[in-house]
Protein chains: 4
Amino acid sequence: MEDGRVPQVLESHDIEIRVRYSEVDAMGYVHHSCYPVYFELGRTELLRQNGIRYRDLEARELYYVVARLECRFRAPARYDDALKLTTRTERLTPVRVDHDYRLFRESQLLCEGRTTLVLVGRDGRPTELPDDLFEILGGSARRPVVE
Amino acid sequence: MEDGRVPQVLESHDIEIRVRYSEVDAMGYVHHSCYPVYFELGRTELLRQNGIRYRDLEARELYYVVARLECRFRAPARYDDALKLTTRTERLTPVRVDHDYRLFRESQLLCEGRTTLVLVGRDGRPTELPDDLFEILGGSARRPVVE
Amino acid sequence: MEDGRVPQVLESHDIEIRVRYSEVDAMGYVHHSCYPVYFELGRTELLRQNGIRYRDLEARELYYVVARLECRFRAPARYDDALKLTTRTERLTPVRVDHDYRLFRESQLLCEGRTTLVLVGRDGRPTELPDDLFEILGGSARRPVVE
Amino acid sequence: MEDGRVPQVLESHDIEIRVRYSEVDAMGYVHHSCYPVYFELGRTELLRQNGIRYRDLEARELYYVVARLECRFRAPARYDDALKLTTRTERLTPVRVDHDYRLFRESQLLCEGRTTLVLVGRDGRPTELPDDLFEILGGSARRPVVE
């Protein structure tokens, strides 16, 4: 990036999530199956901030499927909480992307997560990001690709 | 129908539904948005009992979309309840089908519902059930079609 | 109310809803069971605009349960659509409230809905809104109560 | 366990899960947020096979909260698939339990998962399984507790 020709890529992005009543379980806590949904919102908005809508990937018959998911739950989120989710791209290659996530209520860390997504075509087989998208997302610019 | 040439069509079918933890809200009640999901299970199994899998309709590029939904909630269902859902075909024409639903915990009626589905093609436009499917489902056999 | 002592009550409120990937079904349409979740967001935010958080009702052991739900689906919503939901209080009495809902994508009406909620206490039995809340929500001010 | 006084504890249990239409996303695949829901069904039924209903734990103000979740997705599950989920108790101590999960369509492994649950009381603080429950679940019988 020394020469400055590479567009500025946002590697991290914050969104606010208001907990829905339907997401809360009998304990009054957000059900753990909702956190992966939040993470998906986070990486979608990170992508959008970088100028790409996930719907446009799909229009090009490119789909990110989740290959791996990890969550550590530190403290419960509750109904109507206004949470902050920080999503960060940990690593991008033409065929996969790793994100990590941290969910907060004010300064309290509630949950940490990590996903690995693999890019597939309409047939479900792994494929590579076209160069234009890979450049926009700055994959090669940021790190050596050692996949 | 006196001459017996019409295949026996099941117009009603019961299934058991065990309430999942993730379906219950902070009051300990099944969230009202889960009942339409239960209804969908009910009509899918009614269809299957009549020899048709909904996935096979989709393989023929036929899709039932919900045009109307009504529910009356009489009493709450709770976590781990073993519920009985009775699904009945109220009316079938080549382009739409009306179902009604009654959900019970033992003899107690918890919820009543009704849906209208419209058959569409891949383009989202209304279409008609092919004759073979319409005959299997016994639409014309059962009632005059006055759509 | 001509004397102006009654606080201005918002009877209608708009929110934006961005369709989540997890809400879309195999047709690419928002699953019909998600619309009641949207309606709940709408009436929660209408309440908040009037100065009441639903969580504060629950803290006073007051709960609104859904007694009736109706939806008419006009056209499908799709992934990533930025929808506008208009929620209106149709009628408020001390024990129940009727809302109606209209969901739009730009100027196109996608879905209309209506709910009846009944106020219950911790024991699940119907109860009445305390006077302070009823006044804030302007129930008696707006319409004769003919329950 | 040589003397036979310890009740036979099932450490593993299989259930069948039929994929619901509402669980499938626009790719026709089960959304990844549904797998944690399946896992919860699996461990609930494993518990039931051992003579304990999770609802009875809650009646005693004992709650298992998810502290850690991991999933590896090998191949997509699809609408209407009849899946087999194998749930196994990996380790039980008075305060936590680790499960692992394998989800199959016929002989094909679709997903592997693992969870750690922590037992808490009504106040959300970690607590210990009462002796009667711990014995039923055979925790001490099976492995040294080295928590």
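Visitor: Hi! What is the strand order in the open sheet of 10 strands?
Guide: The order is β1(A)-β3(A)-β4(A)-β5(A)-β2(A)-β2(D)-β5(D)-β4(D)-β3(D)-β1(D), and the pairing is antiparallel. Strands pair if DSSP finds at least two bridges between them; strands (E, at least two residues) and helices (H or I, at least four) are DSSP runs numbered from the N terminus. This is a predicted model, where local features need pLDDT of at least 70 and side-chain atom pairs count only at pLDDT 80 or more, while totals for chains, interfaces and linings use all residues. Residues are numbered from 1 along each chain as its sequence is written, with chains lettered from A and ligands numbered from 1 in the order in which they are written.

Visitor: Which strands stand at the edges?
Guide: Those are β1 (12-18) of chain A and β1 (12-18) of chain D; each has a single partner strand, so one side of each has no neighbour in the sheet.

Visitor: And how are neighbouring strands turned against each other?
Guide: By 25 degrees on average, direction ignored. Axes here are lines fitted to C-alpha atoms (for helices, over the stretch in contact), with angles from 0 to 180 degrees between N-to-C directions.

Visitor: What does helix α1 of chain A touch?
Guide: Helix α1 (residues 35-49) of chain A packs on the sheet, touching β1, β2, β3, β4 and β5 of chain A, and its direction makes about 135 degrees with that of β1(A). Contact is counted when C-beta atoms, placed from the backbone, lie within 7 Å.

Visitor: Now the join. How many bridges pair β2(A) with β2(D)?
Guide: Five bridges, in the antiparallel sense. L69(A), for one, stands opposite C71(D).

Visitor: How many residues of chains D and A are in contact?
Guide: 16 residues of chain D are in contact with 16 of chain A. On the chain D side, β2(D) gives the largest share, nine residues.

Visitor: Polar or nonpolar, that side of chain D?
Guide: It divides into 10 nonpolar, three polar and three charged residues. Nonpolar means Ala, Val, Leu, Ile, Met, Phe, Trp, Tyr, Cys and Pro; charged means Asp, Glu, Lys and Arg; the others, Gly among them, are polar.

Visitor: Switching topic: what rotation superposes chain C on chain B?
Guide: A rotation of 180 degrees with 0.0 Å of shift along its axis, at RMSD 0.0 Å. That is the relation of a two-fold axis. Copies are superposed by least squares on C-alpha atoms of residues with pLDDT of at least 70 in both.

Visitor: Which C-alpha of chain C is nearest the axis?
Guide: That of E70(C), 2.2 Å from the axis.

Technical notes:
Two residues are in contact if their C-beta atoms, placed from the backbone, lie within 7 Å.
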